[in-house]
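Dear colleague,

I am handing over the structure below, and I would be grateful if you could read the notes that follow alongside it.

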Amino acid sequence: MRTLFVLICSLALALVTANAQAPQTGKEKKKAAPAAKTAAPQHGTAAVKPVHTGHPASMTKPTGQAKPVGHPTHVAKSPEAGKAKKGTSAATASGKPRQVNDAQAEANKAKHQAEINKAKAHGKTAEAGQAAAAGQPAGAPKPGAGKPGKAGIAAGHPVKPKHFNVPKQPNTAKAPPVKFQQGRRIEGSQNWQGRQYNVFRNYHSQWHDRGWWHSRYHNNIVFVFGAPYYFNSGYWFPAWGYSPNAYYAWDGPVYAYNHLPPDQVIANVQSSLQQQGYYHGEVDGLLGPLTRSAIADYQRDRGLYITSAIDQPTLESLGMT
């Protein structure tokens with residue numbers, strides 16, 4: 001009897017224990033179910049199906065796809081969304097960037113360059129035509145054109161005349177005397193155009209005694225290194241025959257700059273050319289070979305007629321008029 005009672009109690013206790021554990025297991029299953037649903041996307045690639053709201057298929061929008069952890073998502077764009085503004089880069093079918101208007105820009109650039117080249121060619125043709133009309137070869141230097149000077153008008157500062165203490169006796173080793181030639185004319189002067197060169201085209205050496213020179217130029221005669229020069233038409237000329245044994249370094253006109261005597265005019269020109277790097281000799285007031293060579297170089301660089309003489313256009317270029 002006692003054994004039966006113990007058995008009944010054990011069964012009752014086991015039944016009570018089973019009933020108490022059954023609800024707890026159900027709750028754990030309910031709590032675990034949402035957790036499993038939440039964690040599912042972390043270990044899979046399955047997409048969440050779009051929710052249909054009952055609208056027509058054409059108006060239904062997909063809610064998207066869940067992004068799997070650690071994998072980038074590529075979203076395809078429509079052709080309309082991929083269009084770029086004019087002049088900006090756009091995506092091609094292969095995904096590589098390109099410049100939309102590269103071809104058009106290159107074409108416009110080539111057209112603009114062609115127009116520039118055509119304008120330059122037209123300008124050169126017009127210049128050649130003008131030179132031909134003036135009787136000069138195309139590309140010939142124009143009077144007054146050339147390298148910029150360091151002094152004179154080219155630098156915007158007129159040169160004031162100076163008085164130089166030149167030697168009393170000429171250095172005949174540097175400037176040997178020239179010989180008189182009756183009727184001699186200046187070589188090449190027939191090609192120098194313009195009234196400023198009339199005095200050179202019309203010049204011819206002449207020999208007269210002292211009386212003849214006095215009767216015509218007695219108030220306009222000066223002596224330089226013992227040689228007489230007469231003044232006429234804005235220039236100084238050698239008075240051949242006035243002193244038969246007189247020394248002359250140059251047979252031709254010398255422009256009468258600021259009413260200075262010939263030696264002071266020559267000295268001022270030598271000084272100006274010396275400052276500009278053309279003349280490397282002594283400022284001695286002699287129009288010898290070294291001075292004439294420096295004048296010729298200056299005239300060549302300025303596009304002037306190469307007279308190798310002190311003429312008005314050269315002094316104007318030097319700023320000395």
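Asp297 and Arg300 lie 3 residues apart in helix H6 (residues 289-301), so about one helical turn separates them; helices here are DSSP runs of H or I with at least four residues, strands are runs of E with at least two, and both are numbered from the N terminus. These two residues form a salt bridge whose closest N and O atoms are 2.9 Å apart, the term meaning a side-chain nitrogen of Lys or Arg within 4 Å of a carboxyl oxygen of Asp or Glu. Asp297 is partly exposed at 31% relative accessibility, and Arg300 is partly exposed at 45% (buried means under 20% relative accessible area, exposed over 50%, partly exposed in between, with a 1.4 Å probe and protein chains only).

Please note that this is a predicted model, in which local features need pLDDT of at least 70 and side-chain atom pairs count only at pLDDT 80 or more, while totals for chains, interfaces and linings use all residues. Residues are numbered from 1 along each chain as its sequence is written, and side-chain values use heavy atoms, leaving out hydrogens and water.

A search of the whole structure finds 2 salt bridges. Asp251 forms one with Arg184, with the closest N and O atoms 3.4 Å apart. This pair links distant parts of the chain, 67 residues apart: Asp251 is in the loop between strand E5 (235-238) and strand E6 (254-255), and Arg184 in the loop between helix H2 (102-133) and helix H3 (198-202). Asp251 is buried, with a relative accessible area of 4%, whereas Arg184 is partly exposed at 24%.
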